[in-house]
Amino acid sequence: MLKNPSKNVVSTFSAGILEPFFARMAKFFGCIQIGEYTRAISEKRGKFHKELKPGCHCLPWFCGYQIVGRVSMKTHYVVVRCDSKTKDNVFVTVVASIHYGVLDVPDKNNAKKAFYVHSDPKSLIEAHSFSAVKTAISSYTFDQLFVKKDDLAVTVNKKLTENISADYGFGNFQTLILDIAPDEYAKRIIRLTNAAPKIAVSLTRATFHSE
């Protein structure tokens, strides 16, 4: 059975004309679409209106509505490098990766906080993360840092939640300690401490042979 080529041409032509037409009409009447893991911030005559969740919304511009920005609800991360002193006065460098995101809690307007309160959220998280890691390091001895890395991460998460979540809307903090390294002086002391038994054995043998 032969297909009617003219019918296909008409269908293609109609779709090419009608789809852009309806898209322009939807835009004219303020119909917008918000993607997954995104919140849109709408204002009405310059004042905050509401957060828009994923889906289709109607915000007629002629009534004073407009979209002023979008906030990603995906997980982000920062890496901080902190030089500090432990409880037993050993200088160490701790590298940590902190994962975070905007809290998705009903009626809390956390996307609004994340959008309006601070102009550079990443710098905000980095600054608070650095402070939290530095404070946490001072609570542990040098040996405890290696044994209790998970406890150190929990302490950082708790500190960040206390300082950031309520005011800025960010949360779900997950800290991963990537590296702990003592300073050069501490490294020399560790090497000498590890080498001390061998040195003692060598001196004992040398004394025995000389006798």
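**Asp179.** I looked up Asp179 and found it partly exposed, at a relative accessible area of 40%; buried means under 20%, exposed over 50%, and partly exposed in between (1.4 Å probe, protein chains only). This is a predicted model, in which local features need pLDDT of at least 70 and side-chain atom pairs count only at pLDDT 80 or more, while totals for chains, interfaces and linings use all residues. Residues are numbered from 1 along each chain as its sequence is written, and side-chain values use heavy atoms, with hydrogens and water left out.

I place Asp179 in strand E8; helices (H or I, at least four residues) and strands (E, at least two) are DSSP runs numbered from the N terminus. Leaving aside residues up to four places away in sequence, I noted that Asp179 touches Thr93, Val94 and Val95, contact being heavy atoms within 4.5 Å. I also noted Ser97, which is 82 residues from Asp179 along the chain, with 9.8 Å between the C-alpha atoms.

**The sheet.** I traced an open sheet of three strands, in the order E6-E7-E8, with antiparallel pairing; two strands pair if DSSP finds at least two bridges between them. E6 and E8 are the edge strands, each pairing on one side only. From one strand to the next the twist averages 20°. Strand E7 covers residues 91–102 and pairs with E8 in the antiparallel sense over ten bridges. I found Ile98 opposite Thr175 in E8.

**Helices on the sheet.** Helix H3 (residues 121–137) packs on the sheet and touches E6, E7 and E8. I noted about 35° between the direction of H3 and that of E6; axes are lines fitted to C-alpha atoms, for helices over the stretch in contact, and angles run from 0 to 180 degrees between N-to-C directions. Helix H5 (residues 149–168) also packs on the sheet, touching E7 and E8, and its direction makes about 140° with that of E8.

**Thr75.** I found Thr75 in the loop between strand E5 (65–72) and E6. Thr75 counts as exposed, at 60% relative accessibility. With residues up to four places away in sequence not counted, Thr75 touches His99 and Tyr100. Phe173 is 98 residues from Thr75 in sequence, but the two are 9.6 Å apart in space, C-alpha to C-alpha.

**Nonpolar patch.** On the surface I listed Tyr77, Val79, Leu176 and Leu178 as a nonpolar patch, with about 400 Å² of accessible area together. Patches are made of residues with over 30% relative accessible area and no salt bridge, like charges being joined within 9 Å and nonpolar side chains (Val, Leu, Ile, Met, Phe, Trp, Tyr) within 5 Å. Accessible areas come from the Shrake-Rupley method with a 1.4 Å probe; for residues, only the protein chains shown count as cover. Strands E6 (76–85) and E8 (170–182) each supply at least two residues of the patch. I checked Val79, in strand E6, and it counts as partly exposed at 45% relative accessibility.

**Salt bridge.** I found one salt bridge in the structure, the term meaning a side-chain nitrogen of Lys or Arg within 4 Å of a carboxyl oxygen of Asp or Glu. The side chains of Arg39 and Asp104 form it, at 3.1 Å, N to O. Arg39 lies in strand E2 (residues 38–44) and Asp104 in the loop between E7 and helix H2 (110–116), so the pair ties together parts 65 residues apart in sequence. I noted Arg39 as buried, with a relative accessible area of 7%, and Asp104 as exposed, at 54% relative accessibility.
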